[in-house]
Amino acid sequence: MKIKGTVLDVPVGTAVFTEKKWKSLSEAKITCLDYSVDMIEQARKRLEGFSNITCIQGDVGNLPMEGSSFDIVLSMNGFHAFPDKKKAFRETFRVLKPGGKFIACFYIKGKSVIIDWLVKNILAKKGWFTPPFPTEDQLLKILKHLYKDIVFQVDGSMVYFCCTK
Ligand SMILES: C[S@@+](CC[C@H](N)C(=O)[O-])C[C@H]1O[C@@H](n2cnc3c(N)ncnc32)[C@H](O)[C@@H]1O
């Protein structure tokens, strides 16, 4: 699919999963943001040479963009890492244009005893995941409050969704 508008990839991480796609979207204006200086440097290196792609170090809870700036906000594997999820939901909503799409995937709690144990006892202790994690019902309530046209799929302990502001 060819995208022509403005896209925010938050958190971009090292851009390992989005590099190919972003490089193919020559008509889109893409902003990639991550809190980690190390991650954003790696993303910058991968994406350098593409004048329509900008990499910024920053906090999803305090995005340095005007409201209603983006046609698409993509958040892959971010919300289980973000420390302040309330602010992250608020800011991703704020920077989306009316009619813009919020697309995300991340871990949700309550689907697998084993995965919940791993997240709590290993991934959260390493600092890779940050509680509290929403359950499916809690997440749906948040999304329904903010968005319409919610397409929502749960696969194991991961949720994938696309919704419209
Ligand atoms: C699991 S990685 C996901 C990166 C990428 N989307 C991917 O799927 O490979 C989680 C990322 O969230 C970033 N992160 C954590 N807290 C953040 C915050 N407050 N604002 C922006 N990025 C944050 C981390 O630096 C890390 O790069």
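Burial is a count of other C-beta atoms within 10 Å, placed from the backbone: 20 or more means buried, 12 or fewer exposed, and anything in between partly exposed. Asp149 lies in strand β6 (residues 148-155). Its phi is positive, about 45°, although Asp149 is not a glycine. Strands here are DSSP runs of E with at least two residues, helices are runs of H or I with at least four, and both are numbered from the N terminus.

This is a predicted model, in which local features need pLDDT of at least 70, side-chain atom pairs count only at pLDDT 80 or more, and totals for chains, interfaces and linings use all residues. Residues are numbered from 1 along each chain as its sequence is written.

Ala15 also has a positive phi, near 70°, and is a residue other than glycine. Is Ala15 buried or exposed? Ala15 is buried, because 24 other C-beta atoms lie within 10 Å. Ala15 is found in the loop between β1 and α1. Pro11 lies in that loop too, between β1 and α1 (19-24). The peptide bond from Val10 to Pro11 is cis, with omega near 5°. A further cis bond runs from Pro131 to Pro132, with omega near 0°. Pro132 is in the loop between α4 (113-126) and α5.

Pro11 leads on to the ligand. The ligand is surrounded by 17 residues, and the closest are Pro11, Gly13, Tyr35, Ser36 and Val60. A residue counts as near a molecule if its C-beta atom, placed from the backbone, lies within 6 Å of it. The shell holds 10 nonpolar, 5 polar and 2 charged residues. Here Ala, Val, Leu, Ile, Met, Phe, Trp, Tyr, Cys and Pro are nonpolar, Asp, Glu, Lys and Arg are charged, and the others, Gly among them, are polar.

Now turn to strand β2 (residues 29-34), which contains Ile30. Ile30 counts as buried because it has 25 C-beta neighbours inside 10 Å. Leaving out residues up to four places away in sequence, Ile30 touches Val7, Asp9, Trp22, Leu25, Asn52 and Ile53. Contact means C-beta atoms, placed from the backbone, within 7 Å. β2 pairs with strand β3 (residues 53-57) in the parallel sense, over 5 bridges. Pairing requires at least two DSSP bridges between the strands. Leu33 stands opposite Ile56 in β3. From β2 the chain passes through helix α2 (residues 37-47) to β3, a right-handed β-α-β crossover. Right-handed means that, with the strands pointing away from the viewer, the path from the first strand over the helix to the second runs clockwise.

What holds the middle of the picture? The largest nonpolar core has 37 residues, and Leu8, Val12, Cys32, Ala43, Leu47 and Val73 touch the most other members. β1 (6-9), β2, α2, β3, β4 (70-76), α3 (85-95), β5 (96-107) and α5 (136-146) each supply at least two residues of this core. β5 gives the most, with 5 residues. Such a core is a set of buried Ala, Val, Leu, Ile, Met, Phe, Trp, Tyr and Cys residues joined through C-beta atoms within 7 Å. Val12 touches Thr18, Cys32, Leu33, Asp34, Ala43 and Cys55, again not counting residues up to four places away in sequence.

Finally, α3. Its buried residues are Lys85, Ala88, Phe89, Glu91, Thr92 and Val95. Their cover includes β1, β4, β5 and α5.

Technical notes: Two residues are in contact if their C-beta atoms, placed from the backbone, lie within 7 Å.
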